[in-house]
Each structure stands twice: as C-alpha cells, then as structure tokens.
Amino acid sequence: MEKAGNVFMLATDGSTPSKNGLEMLTLSLMKPTDRLYIAHVYNNAKTDLTYNYQADYIRDSYEAYLFTRMPSSRYNFLWEHVNKGWNTKMQISKMAEERNVDFLVIGYSGIKGPKHDCTVMGTAVKELSTNSKQTLMVIRRRVVRKEKPSKGYDFLALYDGSEASKKALKECLKIADSEKDSVDCVCFCSGDAMESHRANVEGLFKEAKLAHFSYKVVAADGNTQEAVARYLNNESTPDYDFVALGSKGEGIKKRAEISYLGSVAEEVILIGRTNLILVVN
C-alpha cells in the first residue's frame with residue numbers, strides 16, 4: 001500500500017504570489033503521493049474586483065493550468081462564499097483545519113501588492129501567523145527547483161531546542177528532495193545549550209537520508225532576535241529559498257487566550273526576502 005504523502009492547501013486570491021505558490025507546488029514541492037486543495041473564499045458584495053480577480057475566472061485559470069500537469073485525483077477545488085460575521089482568513093484557516101492539511105500555502109502579499117512600508121505585515125500573513133493550526137508556507141518569491149543552477153532548494157531551519165523549532169526542521173525534511181536539496185540547521189543559543197542539540201538534529205538528518213546538510217551553532221549572547229538578523233543579513237550567508245522557524249521561541253511561555261508572534265519570527269517575516277515555513281505555536 002502506497003504511503004500517504006503531505007496534504008497542501010493553497011489559499012488563492014488570484015494574485016501573482018498565489019500563482020507563484022501554485023507553480024512551486026506543482027513543479028517542485030509536491031511528491032507523487034501528495035495531495036493539493038486549492039481554496040478561494042469570495043464575497044459577492046465586492047463589486048469592484050477586476051475580471052481576473054473574480055472567483056469564476058480564478059477557478060477557470062487554475063483548472064486550465066492543472067489539466068496537463070497533475071492527475072485530477074490528486075487535487076480538489078474548494079470555493080466558498082465568506083460566512084456572515086467571518087473574514088476570509090478565518091474561513092481559510094477553518095477549511096484547512098477541517099481537512100487536516102499539513103501545509104497551508106499563502107502569498108506574502110495579495111491583490112493590492114506589497115505594502116509600501118516594509119515594516120507593515122500583510123493582513124493574511126499577520127492573522128494566520130498567529131492563529132493558524134497548520135504549518136504556514138508563505139511565498140515571497142518564485143523559486144523552481146529545476147531552474148536553479150544547483151537543481152536543488154536551499155533550506156534554513158532556525159533552531160533553539162523548542163518543540164516548534166524541532167517541527168520546523170522536520171517540516172523542511174518532509175518536503176526536501178533527499179538527493180538534490182540542502183538543509184542547514186542553525187542553532188541560536190547561549191552557554192551550555194550551544195552544543196547540546198547537535199545529536200538530536202543530526203539524528204533527524206540521518207533519518208531523512210539527506211545528501212547535503214549542516215548543523216551550525218551561532219552564539220545569541222542573550223539577544224536571539226539581533227543574532228538572527230545579523231546572520232540573515234550577513235553577505236556570507238547563503239541566499240536561502242526557504243527559512244523555517246516557530247512563531248514563538250523556546251523562552252516564551254504560553255499566554256492564555258492571547259495569540260501573538262514572537263520577536264524573532266516577526267523580524268524574519270519583516271526583514272526577510274525569502275519564502276517562509278512557519279510553525280504556529
């Protein structure tokens with residue numbers, strides 16, 4: 001019996017980032033046993049949308065794209081009118097939860113394009129990065145594996161020993177091509193913890209049978225946010241295709257009934273120029 005693969009849901013509004021996500025999924029990220037839901041939540045009260053952003057056109061264009069690229073048994077369309085009192089982000093999240101989706105894929109920006117102020121997060125990313133029960137894959141730029149000189153993706157997993165950071169690394173390993181892709185795990189910590197996570201990380205690498213991987217420790221010196229920012233902005237740091245991390249770090253305790261984004265995750269989302277894999281914890 002064939003082993004079940006990952007379940008992806010692409011939330012689309014017809015924008016370029018959404019289409020980039022579709023191409024990356026179908027041309028690179030999805031394996032033969034994976035399944036795909038394409039979800040769109042529309043509102044008939046919105047009458048100002050141009051034709052190419054209307055629900056029927058989006059579905060027709062996506063169906064035409066998928067017709068020659070994937071068997072119809074591997075994907076489903078989910079088109080729903082927004083529920084009364086809900087917003088589209090809430091409904092997309094609920095749709096993904098009901099179908100036990102592994103990765104909810106969204107564009108970093110929507111039909112209005114990127115924010116002029118880079119320190120302002122898009123509404124979909126802001127809401128889903130704190131409330132989604134699924135791992136988020138946020139598409140900032142189109143990167144197709146076979147179009148790269150190396151023919152492989154470069155993943156970076158930010159690790160601090162927390163359960164969320166462990167899952168973020170595992171999510172990279174779930175979608176990585178074990179022969180072509182490279183996964184770097186960088187541990188930002190201080191003191192005795194600087195080497196204590198190595199065995200666990202290397203055990204995961206070994207289990208995944210990766211051909212290209214590395215584990216590196218970077219001293220945080222008490223300020224992980226600044227250490228991560230310095231690392232990502234360093235000219236010697238590779239131009240990663242995906243950065244994976246938890247939405248909150250190891251040192252943050254849960255606050256009852258409050259959804260929030262940790263300072264490191266917020267920094268990476270705002271200053272980053274790469275695609276993201278975000279484990280919401």
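Tutor: A charge sits over a ring if NZ of Lys or CZ of Arg is within 6 Å of the ring centre and within 35 degrees of the ring normal. This is a predicted model, in which local features need pLDDT of at least 70 and side-chain atom pairs count only at pLDDT 80 or more, while totals for chains, interfaces and linings use all residues. Residues are numbered from 1 along each chain as its sequence is written, and side-chain values use heavy atoms, with hydrogens and water left out.

Student: Which ring does the charged end of Arg-140 sit over?
Tutor: That ring belongs to Tyr-108, and the distance to its centre is 3.9 Å.

Student: What about ring pairs: how many aromatic pairs are there?
Tutor: There are nine; rings of Phe, Tyr and Trp (its six-membered ring) pair if their centres lie within 6.5 Å, and planes under 30 degrees apart count as stacked, over 60 as edge-to-face and the rest as tilted. Phe-77 and Trp-79 are edge-to-face because their planes stand at 70°, with the ring centres 5.6 Å apart. Together with Tyr-75, these two residues form one aromatic cluster.

Student: Is Phe-77 buried or exposed?
Tutor: Phe-77 is buried, at a relative accessible area of 15%; buried means under 20%, exposed over 50% and partly exposed in between, with a 1.4 Å probe and protein chains only. Trp-79 is also buried, at 18%.
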